[in-house]
Amino acid sequence: MLRFILMRLGKAAIILIAILTLNFFLIHAAPGDPAAVMAGEAGAADAKFIAQLREQFGLDKPLLTQLGIYLKGVLQFDLGYSYRQQMPVADLILDRLPATLLLTMTAFVISLVLGTAAGVLASARVGKWSDTAISTLALLFYATPLYWAALMAVLLFSVYFNWLPGFGYETVGANYTGFRRALDIGQHLILPATTLGLFFMAVYMRMTRASMLEVSQLDFVKTARAKGLKSGIIQRRHIFRNAMLPVVTLAGLQAGQLVGGAVLTETVFAWPGIGRLMFEALAQRDYNLLLGVFFVSAAMVLVFNLITDILYRFVDPRIRVA
Amino acid sequence: MLKRLTLLAAAFMVTTALHAEPVTGGRANVVIQPEPPSLMLGLVQNGPTQMVAGQIYEGLLRYDEKLQPMPQLAKSWEVSEDGLTYTFNLHDNVKWHDGEPFTSADVVFSADVFLRETHARLRTSLEHVESITAPDDTTVVFKLKQPFGPFLGIFEAGTMPMVPKHIYEGTEYKSNPANNTPIGTGPFKFAEWEKGSHILLTKFEDYYEDGKPYLDEIYWHVIPDAASRAVAYETGVVDILPGGSVENFDVQRIADMENTCITDKGWEYFGPLSWMWLNNREGPTADKRFRQAVMYAMDRNFARDALWNGLGKVSTGPVSSSTRFYTDDVNQYDYDPEKAKALLEEMGYDGETVRLLPLPYGETWQRWAEAVKQNLGEVGIDVEIVSTDVAGWNQKLAEWDYDMAFTYLYQYGDPALGVARSYISTNIAKGSQWNNVEGYENTEVDDLFAKAAVAVTAEERQKLYDEVQQKLVDDVPVAWLLELGFPTIYRCNVKDLVTTAIGVNDGFKDTYIEK
C-alpha cells in the first residue's frame with residue numbers, strides 16, 4: 001500500500017510540473033501583460049513607465065528564463081509575488097482558502113448526501129410518482145444555468161422574502177463572535193452552497209438511481225433473494241455498496257474541484273473565495289497569482305484522485321486483491 | 001388656527017436648524033468596485049484606490065465644483081506675478097495617523113522624491129518644476145522653469161498625495177510592508193481590510209480640522225457582481241452607490257426607491273469624456289471625410305437617453321464642458337445621416353469593413369457599440385465588432401491594431417493636463433493607450449497647445465484653446481461621443497456627500513448622517 005502511494009505521488013509531481021509549464025505558456029499567450037494593465041489603471045502612463053514596470057516584474061527577460069525562475073521558486077515552495085496586490089501569492093491564496101473550502105465542502109456534502117438519498121429513493125420506487133418527481137427535479141437542476149439560478153435565489157429569498165442574506169460571507173460591521181458569528185456565517189452560506197450544489201446533486205441523483213437499478217438486475221442479487229435475505233439487507237449490503245462505485249469516482253472528481261473555488265457562485269454572492277481571486281487575476285494578467293491558484297487546484301485534483309483510488313480498495317474488495 | 005400655524009412654523013424652524021447642524025457619529029456603508037489592488041495612493045492611482053485612499057491621504061488643496069482651489073493641508077497659498085513661484089502655507093497642527101507631525105519636509109519628499117518615481121501622471125507635470133524647497137516647517141515653495149497654466153490644479157489627493165517621509169525615505173517603496181497599513185493625514189485612518197469582503201476606515205481623532213470628520217467609520221463593501229450591488233442597496237446593506245456602481249439600466253429603478261437621492265455632481269475635475277479612437281493612419285478612417293461622416297451618422301442623443309438614462313451631455317469636441325477653457329463655438333455635428341452619406345460618396349468609400357473595439361467595462365458599453373454599429377450601418381458603413389477583455393483591449397490600442405475603438409478619459413480640469421496628450425504629435429508612440437493613439441498630426445495644433453500651456457494669463461490661454469478646439473473639431477481626429485454622467489446614488493439622510501469636484505473621492509470628511 002505504501003509503495004503504491006509513493007509511486008502515485010512521484011507520478012503526481014511530474015504531472016504537476018507539466019501542468020505548470022503548460023499553464024505558464026498558455027497565460028503568456030493571452031494578449032497583454034500585468035505591466036500594461038496596471039499602467040492602464042493609473043489613468044496615464046508613457047511607454048517608459050510601462051518598461052520600468054516590466055523590468056521590476058522581470059517581464060523583460062526571455063520567456064524560458066522566466067519559466068526557469070518560476071519553477072525554481074515552486075520547487076522551493078515559493079509561489080512568487082503578486083505585483084498587483086503587493087503580497088506574496090501564497091499569502092493571498094491561504095487568505096481565501098477557508099472561505100472557499102467552507103463553501104465548496106458544504107455544497108459537496110449537500111449534493112452528495114441529498115443526491116444519493118434521492119437516487120436510492122427513486123430507484124426503490126421506479127415508475128411511481130415520487131420517482132417521476134425526483135427525476136424531473138434532477139433534470140431541472142441539471143439544466144439550469146448556475147448564474148441564473150443564483151440570481152433567482154437572491155431575488156426570491158433575499159429581496160422579496162428577506163429571509164436570507166443575498167451576498168457576502170458574514171454581516172460586515174456586526175462584529176459577532178463565537179456561536180453568533182457561526183450562525184451568521186451559516187445563514188450567509190445557505191444560498192451560495194445550495195445553488196452551487198444543485199448541479200452535482202442532480203448528477204448524483206441520476207447516477208445513483210441508474211446504478212442501483214443496474215446492480216439490482218445482476219445475478220448475485222437474484223441469488224441473495226433466492227437465499228431468502230430480507231429486502232432491506234439486499235438493498236444496503238448488496239446493491240447499494242456495489243452501486244456506489246461510480247458515485248465514488250464522481251465524488252472524487254468533484255472533490256478535486258473544491259479548492260479551485262466556484263467563479264460564478266463566488267461572484268454573484270460576493271463570497272471572498274479563490275474562484276474570484278483567480279478570475280480577477282486572469283482579467284489583470286496577474287501571472288504569478290494565476291499560476292499559484294492553478295498550482296494549488298491541480299495539486300488538489302491529484303491528491304483527491306489518489307484518495308479516490310485508495311477508497312476504491314475499501315469499497316470494492318476486488319480491486320484490493322488485484 | 002394661528003397657534004397651530006405658529007407651532008408648525010416653530011417645528012419647521014427646528015427641523016431646518018437640525019438640517020444645518022451636522023450630526024456626529026454613525027457609519028457609512030459604501031460600495032467599492034472593483035476591489036482596489038492596494039490603498040497606498042502614492043503607488044497606485046486607479047479609480048477604486050483613490051476612492052478609498054482619498055479619505056486616508058490628502059493633498060495640499062481640494063477643488064470646488066467650479067474647480068477653484070480650496071484649502072486642505074495648505075491653509076493658504078500665493079502665486080508670484082510672473083507665474084513662476086508658488087508658495088504654500090501649511091496647517092501647523094497636522095499629524096500623521098501614527099502620531100508623527102506632518103511638516104513641509106514631507107511635502108518636499110512626496111513631490112520631489114517619492115511621486116517623481118512612482119506617479120506616472122504627476123511626473124509629467126513636475127517636469128515644469130525647477131525646485132521644491134521648504135524654508136520653514138510650514139512653508140513650501142515650488143519654483144517653475146517657465147509659467148505652467150494648470151499648475152495650481154495638480155494638488156488634490158489623487159494627483160499629489162502626501163506620503164510620510166519618516167516611513168518611506170530610503171526604503172524600497174513598492175515592497176515596503178507599510179503599504180498594507182497606509183498612514184496618511186486624512187480624516188479617516190485605515191483599520192481593517194478583509195480581502196474580497198470589505199475595507200474599514202475609522203475616524204482619525206487627532207484630525208486638524210475641529211469637529212471633523214463627523215462619521216465614526218466607513219465600511220467599503222466589495223461586491224463583484226453589478227446585479228448584487230443593486231440588491232445590496234435595495235436590501236439596505238449599503239447606503240451609498242458611487243458613480244458606476246450599478247449598470248445604467250438599473251439606475252432609474254433604484255433612484256425611484258423611497259428616501260433615495262441621486263446626483264451627477266462630483267466629477268467636474270475628471271470631466272470624463274468618451275470618444276471613439278479613429279485610426280488616422282490607414283483604412284477609410286484615415287480620410288477626414290470618413291471621420292466627419294461617422295460624427296454625422298451617430299445619434300448621440302439616443303445613446304445618452306437610451307443607454308445612459310439621459311445623464312451626461314452630448315460632447316461638442318475635445319474639451320469637457322466642466323474643464324477650464326471649454327468653448328462650444330465650434331462646428332456642430334448634429335445627427336444627419338444624409339450629410340454622412342454625401343461625405344462618404346464624395347470620398348468614394350468602397351464599403352470596406354471597419355473593426356470596432358467596444359470598451360470591456362460591462363453591459364452598457366457593449367450595447368453602445370451595437371447602437372453605433374447600427375447607426376453606421378444605416379449610412380452604408382460596414383462595422384465588425386471585435387470583443388476583447390481589458391488586457392486585450394489595452395494591447396490592441398497600444399499596438400494600434402484597430403480601426404475604431406471606444407474609450408473614455410479624464411481631463412483633470414485643464415486642457416494642458418488631460419486634453420493635449422491625446423492630440424499632440426510628439427505623443428505618438430506605440431506601447432501606451434494614454435497618448436495620441438489615433439496618430440493625428442497637425443503642427444498648428446501642436447503649436448497652439450504648447451503656447452496655451454505656458455501662457456501666463458487666463459485670457460491668453462482661452463484665446464489659444466478656442467482656436468485649437470475649432471481646428472480639432474473640423475479635423476475630427478477622434479469621434480467624440482458624450483461627456484459621461486456617473487450618478488452617485490445614496491439615501492437622502494446622508495448629507496454633504498458630494499462637496500468637491502471629485503465627489504466621494506475626497507468628500508467624506510464633510511459627510512454626516514441625519515438621524
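This is a predicted model: local features need pLDDT of at least 70, side-chain atom pairs count only at pLDDT 80 or more; totals for chains, interfaces and linings use all residues.
I'll start with the contact between the chains. Chain A puts 39 residues into it, and chain B puts in 40. On the side of chain A that touches chain B, the elements giving two or more residues are all helices of chain A: H2, H3 (47-57), H5 (89-124), H7 (146-160), H11 (263-268) and H12 (274-283). H2(A) gives the most, with five residues. By residue type, that side of chain A has 21 nonpolar, eleven polar and seven charged residues.

Now look at H2(A) itself. Helix H2 of chain A, residues 34-41, meets helix H12 of chain B, residues 390-398; their axes come within 9 Å and cross at roughly 85 degrees. Which residues of H2(A) meet H12(B)? They are Ala36(A), Val37(A) and Gly40(A), and across from them in H12(B) are Val390(B), Ala391(B), Asn394(B), Gln395(B) and Ala398(B).

Next, the core. The largest nonpolar core has 224 residues, and the members touching the most others are Met276(B) and Ala479(B). Helix H8 of chain A, residues 178-216, supplies the largest share, 14 residues. Domain 1 (2-89) and domain 2 (90-321) of chain A both contribute residues, so the core lies between them.

Last, Met276(B). Beyond its neighbours within four places in sequence, Met276(B) contacts Met404(B), Ala405(B) and Phe406(B), and also Val478(B), Ala479(B) and Leu481(B). Ala479(B), then, is both a contact of Met276(B) and, with Met276(B), one of the two core members that touch the most others.

Technical notes:
Residues are numbered from 1 along each chain as its sequence is written. Chains are lettered from A and ligands numbered from 1 in the order in which they are written. A nonpolar core is a set of buried Ala, Val, Leu, Ile, Met, Phe, Trp, Tyr and Cys residues joined through C-beta atoms within 7 Å. A residue is buried if 20 or more other C-beta atoms lie within 10 Å of its own, exposed if 12 or fewer, and partly exposed in between; C-beta atoms are placed from the backbone. Helices (H or I, at least four residues) and strands (E, at least two) are DSSP runs, numbered from the N terminus. Domain bounds come from an automatic or database domain assignment. Two residues are in contact if their C-beta atoms, placed from the backbone, lie within 7 Å. Axes are lines fitted to C-alpha atoms, for helices over the stretch in contact, and angles run from 0 to 180 degrees between N-to-C directions. Ala, Val, Leu, Ile, Met, Phe, Trp, Tyr, Cys and Pro count as nonpolar, Asp, Glu, Lys and Arg as charged, and the others, Gly among them, as polar.
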